[in-house]
Amino acid sequence: MKIVRLNDLKGSDREVISPDGWTSYRFLLAGDGMGFSMHETVFPAGLEFQMWYKHHLEAVYCYSGTGVITNLETDEQHDISPGTLYALDKHDRHILKAHTELRLVCTFNPPVTGREIHDEDGAYAVPDNGTPR
């Protein structure tokens, strides 16, 4: 059994502060052997960030704050508020914009190692096993 507390992640190597303005607390990573990774990501109010997880599937649950996600393939926009989950099941290129501070629980498959940063496409690198999902 694993017990992980947010306060224990703050200031550790599992707190990732992006130069783009968001912060991610990595509760579970590839090395934890769960088959997925789980993070809390905090987007400050006003942040707008383009992403494309071409090598990972991601599901995101909002429990605090408001914003909007835009699917860049279809130009569809969806409001994000507490109780909303979005799943990037087609490796969707998207923009997430926070109207107020967003607090999100994110899961990735395959799991991330913990130190990934977004590349010029807004993606994380191919997982260590070389197999994009």
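A nonpolar core, as used here, is a set of buried Ala, Val, Leu, Ile, Met, Phe, Trp, Tyr and Cys residues joined through side-chain atoms within 4.5 Å. Keep in mind that this is a predicted model.

With that in hand, the largest nonpolar core has 21 residues. Those with the most contacts inside it are Phe43, Ile80, Tyr86, Leu96, Leu102 and Leu104. The largest share, 4 residues, comes from E10.

Take Tyr86 from that list. Leaving out residues up to four places away in sequence, Tyr86 touches Glu58, Ala59, Val60, Ile69, Ile80 and Leu96.

Now for the rings. The count comes to 1 aromatic pair. Tyrosine 53 and phenylalanine 108 make up this pair, edge-to-face, with 5.0 Å centre to centre and 85° between the planes. The pair links distant parts of the chain, as its two residues are 55 residues apart: tyrosine 53 is in the loop between strand E4 (48–51) and strand E5 (57–64), while phenylalanine 108 is in strand E10 (residues 102–109).

One more ring is worth a look: arginine 93 lies over the face of tryptophan 52, at 3.5 Å from the ring centre.

Note on methods:
Residues are numbered from 1 along each chain as its sequence is written. This is a predicted model: local features need pLDDT of at least 70, side-chain atom pairs count only at pLDDT 80 or more; totals for chains, interfaces and linings use all residues. Side-chain values use heavy atoms; hydrogens and water are left out. Rings of Phe, Tyr and Trp (its six-membered ring) pair if their centres lie within 6.5 Å; planes under 30 degrees apart count as stacked, over 60 as edge-to-face and the rest as tilted. A charge sits over a ring if NZ of Lys or CZ of Arg is within 6 Å of the ring centre and within 35 degrees of the ring normal. Buried means under 20% relative accessible area, exposed over 50%, partly exposed in between (1.4 Å probe, protein chains only). Contact means heavy atoms within 4.5 Å.
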